[in-house]
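Subject: Structure for your files

Hello,

Here is the structure I said I would pass on. My notes follow below it.

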Amino acid sequence: MEPTSVLLGVLLASTKGLALVAVGFGIAWWRSRVRIRELEAAQPAARELDERLARVENSLDYITSTLERLGSGQDDLGRRLPGPSGSESS
C-alpha cells in the first residue's frame, strides 16, 4: 500500500464524518428555529399580560387592606381586654 492511498482514504473518511456532522447540526438548527417560533406564538399577548398584572395588583391591594384591618382590630381588642389577672410578683 502506498502512503498516498492511505492518506486519501483518511481524507475521504474525515470528509464523510464532517459532512455527517454538518448535516446533523443543520437539522438541529432547523428544529430549534421551528421550536422557537412555536414558543413565541404560544406566548400571551402584551395586553393579556397587562390584564394579569392588574389583577395581581388588585389582589395585593385587597390583601394589604384586609391585613391592615385585621391588625387594627387586634390593637382594639388588645386595648379592650383586661391585662393578665394572675401576675406573679416577687
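I63 sits in helix α2, which covers residues 46–80. Please keep in mind that this is a predicted model. With a relative accessible area of 45%, I63 is partly exposed. I63 also belongs to a nonpolar surface patch of about 630 Å², made together with V56, L60, Y62, L67 and L70.

On charged pairs: there are 2 salt bridges in the structure.

One of them joins R79 to D76, with 3.0 Å between the closest N and O atoms. Both residues are in helix α2, 3 residues apart, or about one turn of the helix. R79 counts as exposed because its relative accessibility is 64%, a value over the 50% cut-off. D76, at 33%, counts as partly exposed.

In the salt bridge between E38 and R35, the closest N and O atoms are 3.4 Å apart. About one helical turn separates E38 and R35, because they are 3 residues apart in helix α1. E38 is partly exposed at 45% relative accessible area, and R35 is likewise partly exposed at 46%.

A last item concerns V6, which is placed in helix α1, residues 3–42. V6 has 40% relative accessibility and so counts as partly exposed. From V6 to G17 the sequence separation is 11 residues, and their C-alpha atoms are 17 Å apart in space.

Regards

Conventions. Residues are numbered from 1 along each chain as its sequence is written. This is a predicted model: local features need pLDDT of at least 70, side-chain atom pairs count only at pLDDT 80 or more; totals for chains, interfaces and linings use all residues. Side-chain values use heavy atoms; hydrogens and water are left out. Helices (H or I, at least four residues) and strands (E, at least two) are DSSP runs, numbered from the N terminus. Buried means under 20% relative accessible area, exposed over 50%, partly exposed in between (1.4 Å probe, protein chains only). Patches are made of residues with over 30% relative accessible area and no salt bridge: like charges are joined within 9 Å, nonpolar side chains (Val, Leu, Ile, Met, Phe, Trp, Tyr) within 5 Å. Accessible areas come from the Shrake-Rupley method with a 1.4 Å probe; for residues, only the protein chains shown count as cover. A salt bridge is a side-chain nitrogen of Lys or Arg within 4 Å of a carboxyl oxygen of Asp or Glu.
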